[in-house]
Amino acid sequence: MNEVSIRDILNSSEIVDKKVSISGWVRTFRANRFIALNDGSCLSNLQCVIDFENTDDEVLKGISTGAAIKVVGTLVSSQGTKQNVELKVDSCDILGDSEPETYPIQPKKHSFEFLRENAHLRTRTNTFGAVMRIRSNLSFAIHEYFKNNGFYYVHTPIITASDAEGAGQQFRVSTLDIKNPPIDENGSIDYKKDFFGKETNLTVSGQLEAEAYAMSMGKVYTFGPTFRAENSNTSRHLSEFWMIEPEVAFMDINGNMKLAENFLKYILSYIVNNNIEDLRFLENRLIDEEKQKPQNERSDLSLIEKLKFVIENNFKIITYTEAFEILRNCKPNKKKKFKYLIDKWGTDLQSEHERFLVEKEFKCPVIIYNYPAKIKSFYMRLNDDGKTVRAMDILFPGIGEIVGGSEREERLEVLLKKIKEVGIDEKELWWYTDLRKFGTAVHSGFGLGFERLVMFATGMSNIRDVIPFPRTPQNAEF
């Protein structure tokens with residue numbers, strides 16, 4: 001008999017009186033009769049009704065919370081109200097016992113901190129099962145969008161000798177003896193004797209390498225792990241995270257903004273259409289959470305409304321200067337309600353400013369472009385005013401910036417000057433500057449932190465709860 005999933009059973013219209021075999025994990029076992037079984041395929045459990053009088057005592061003892069079992073039986077109309085069908089069990093096999101006294105994920109409410117300590121088992125809870133199914137479908141939608149729009153997927157290096165952001169905070173990769181490293185004539189560590197013959201690190205971005213491929217293949221994207229050795233323990237930082245970075249040749253900043261908007265709407269629409277059960281569960285969890293907050297701190301939008309807010313609204317496009325003037329003259333700034341007051345042009349915008357523009361001023365997602373050059377990266381295309389660059393950030397409700405991108409600097413002499421200004425060794429980027437010597441052209445791209453996107457899509461407030469096994473300072477468990 002073929003195994004079927006609980007999702008397929010609950011989605012089928014012709015299932016009553018069908019004999020099936022199902023394997024899964026026991027969520028609860030009540031009155032020696034009712035098994036709540038979950039196989040991870042969907043949020044819902046399937047109620048399996050066992051005849052305890054005709055079932056071996058050893059089998060009944062083995063049906064405990066967390067145990068893996070296989071049941072064979074007939075699907076019948078449910079006597080309860082929560083599901084249309086239940087399984088009348090003919091036979092039950094215990095595939096893997098679970099110790100009732102020590103099993104961590106008991107059928108009760110657990111704190112997220114406790115579940116992080118048991119990250120190997122936390123997807124057996126409704127919340128984390130829902131989050132990870134949404135994460136999986138977002139990943140699929142990302143690849144599907146780029147495939148449908150003529151992009152090629154490029155695997156950029158994880159080990160690199162360059163710092164794409166020019167900001168340091170990288171993890172070093174080395175095979176040298178840390179207790180007795182080789183020393184050169186200047187008394188410094190001699191990296192020429194290291195594995196790669198130079199100092200290397202884990203990458204913070206695949207962008208520079210993606211640019212190289214865009215300048216021969218036209219439209220490419222990366223989607224892979226990136227690393228940052230920032231000693232930060234906030235709810236928004238990870239040491240290992242995933243980035244989506246498309247790069248497109250012959251596309252300017254306007255095309256870049258349009259691409260990013262279409263991309264975000266597509267992938268969020270995908271989970272609204274394919275994960276509605278998970279989204280409704282997470283939305284109800286958030287509603288209960290919101291009730292504990294003061295009235296002025298509650299969100300105006302539910303989770304699904306927030307997703308539709310992005311999907312159904314055209315993004316408002318404004319320059320940094322326009323955003324600066326709006327913020328400088330708004331009531332929260334004049335009444336000193338902002339934590340970071342806006343007074344001088346060139347100030348880097350904070351989350352509170354970005355959310356004001358999205359949630360109060362325009363009531364739609366916002367794209368800000370033409371940022372001051374001093375607060376943006378060296379590779380962004382300098383405008384003719386000499387003060388701003390063709391950078392763009394996309395702002396979402398409840399979160400602020402979610403995407404950062406730019407038209408890239410395609411002029412060799414300008415790029416070389418900017419590399420020198422930020423203190424990067426030109427020789428380390430010889431291949432990157434070569435792209436400006438041999439067939440240079442306008443090109444653009446953006447970066448989207450995948451975990452930031454999953455946080456937005458699920459309503460989770462801590463980034464450690466949207467990645468399977470979080471890596472943070474002092475934490476590399478599992």
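## Salt bridges and surface of a predicted chain

Reader: Start with contacts. What share of those with a separation of 6 or more is between residues 24 or more positions apart?

Author: This is a predicted model. In the protein chain, 68% of the contacts with a separation of 6 or more involve residues 24 or more positions apart.

Reader: How many helices and strands does the chain have?

Author: There are 14 helices and 16 strands. The C-alpha atoms fill a box of roughly 85 × 60 × 45 Å along the principal axes.

Reader: And what percentage of the residues is buried?

Author: Buried residues are 48% of the 478 in the chain. The chain exposes about 24,600 Å², with carbon and sulfur atoms supplying 48% of that area.

Reader: Charges next. How many positive and negative side chains are there?

Author: The count is 63 positive and 69 negative, and the centres of the two sets lie 6 Å apart.

Reader: Take Glu-3. Which residue does Glu-3 form a salt bridge with?

Author: Its partner is Lys-70, and the closest N and O atoms are 4.0 Å apart. Glu-3 sits in the segment before α1 (6–11) and Lys-70 in strand β4 (residues 68–77), so the bridge ties together parts 67 residues apart in sequence.

Reader: What about Asp-465, which residue is its salt-bridge partner?

Author: Asp-465 pairs with Arg-122, with 3.3 Å between the closest N and O atoms. The pair links distant parts of the chain, 343 residues apart: Asp-465 is in the segment after α14 (450–458), and Arg-122 is in the loop between α3 (112–117) and α4 (126–148).

Reader: Is that pair buried or exposed?

Author: Asp-465 counts as buried because its relative accessibility is 1%, and the cut-off for buried is under 20%. Arg-122 is also at 1% and counts as buried.

Reader: Which residues are in the salt-bridge network with Asp-465?

Author: Arg-116 and Arg-122 are linked with Asp-465 in that network.

Reader: Where else does α14 come in? What does Glu-451 pair with?

Author: Glu-451 forms a salt bridge with Arg-135, the closest N and O atoms being 2.9 Å apart. Arg-135 is in helix α4 and Glu-451 in helix α14, 316 residues apart. Arg-135 is buried at 10% relative accessible area, and Glu-451 is buried at 2%.

Reader: Ile-463, then. Where is it, and what does it contact?

Author: Ile-463 lies in the segment after α14 and is buried at 6% relative accessibility. Leaving aside neighbours within four places in sequence, Ile-463 contacts Ser-235, Arg-236, His-237, Leu-238, Glu-451 and Met-455. Glu-451 is the partner of Arg-135 in the salt bridge above.

Reader: How far is Ile-463 from Asp-348?

Author: Their C-alpha atoms are separated by 23 Å, and the two residues are 115 apart along the chain.

Reader: Last topic, the surface. Which residues form a nonpolar patch?

Author: Ile-158, Ile-159, Phe-195 and Phe-196 do, with about 400 Å² of accessible area together. Ile-159 lies in strand β7 (residues 159–160) and is partly exposed, at 38% relative accessible area.

Notes: Residues numbered from 1 in each chain as written. Predicted model: local features only at pLDDT ≥ 70, side-chain atom pairs only at ≥ 80, totals over all residues. Heavy atoms only, no water. Helix = DSSP H or I, 4+ residues; strand = E, 2+ residues; numbered from the N terminus. Buried < 20%, exposed > 50% of the residue type's maximum accessible area, 1.4 Å probe, protein only. Contact = heavy atoms within 4.5 Å. Areas by Shrake-Rupley, 256 points an atom, 1.4 Å probe, with all protein chains shown as cover. Lys, Arg positive; Asp, Glu negative; His and termini not counted. Charge placed at Lys NZ, Arg CZ, Asp CG, Glu CD. Patch = residues over 30% accessible without salt bridge, like charges linked within 9 Å, V, L, I, M, F, W, Y side chains within 5 Å. Salt bridge = Lys/Arg side-chain N within 4 Å of Asp/Glu carboxyl O.
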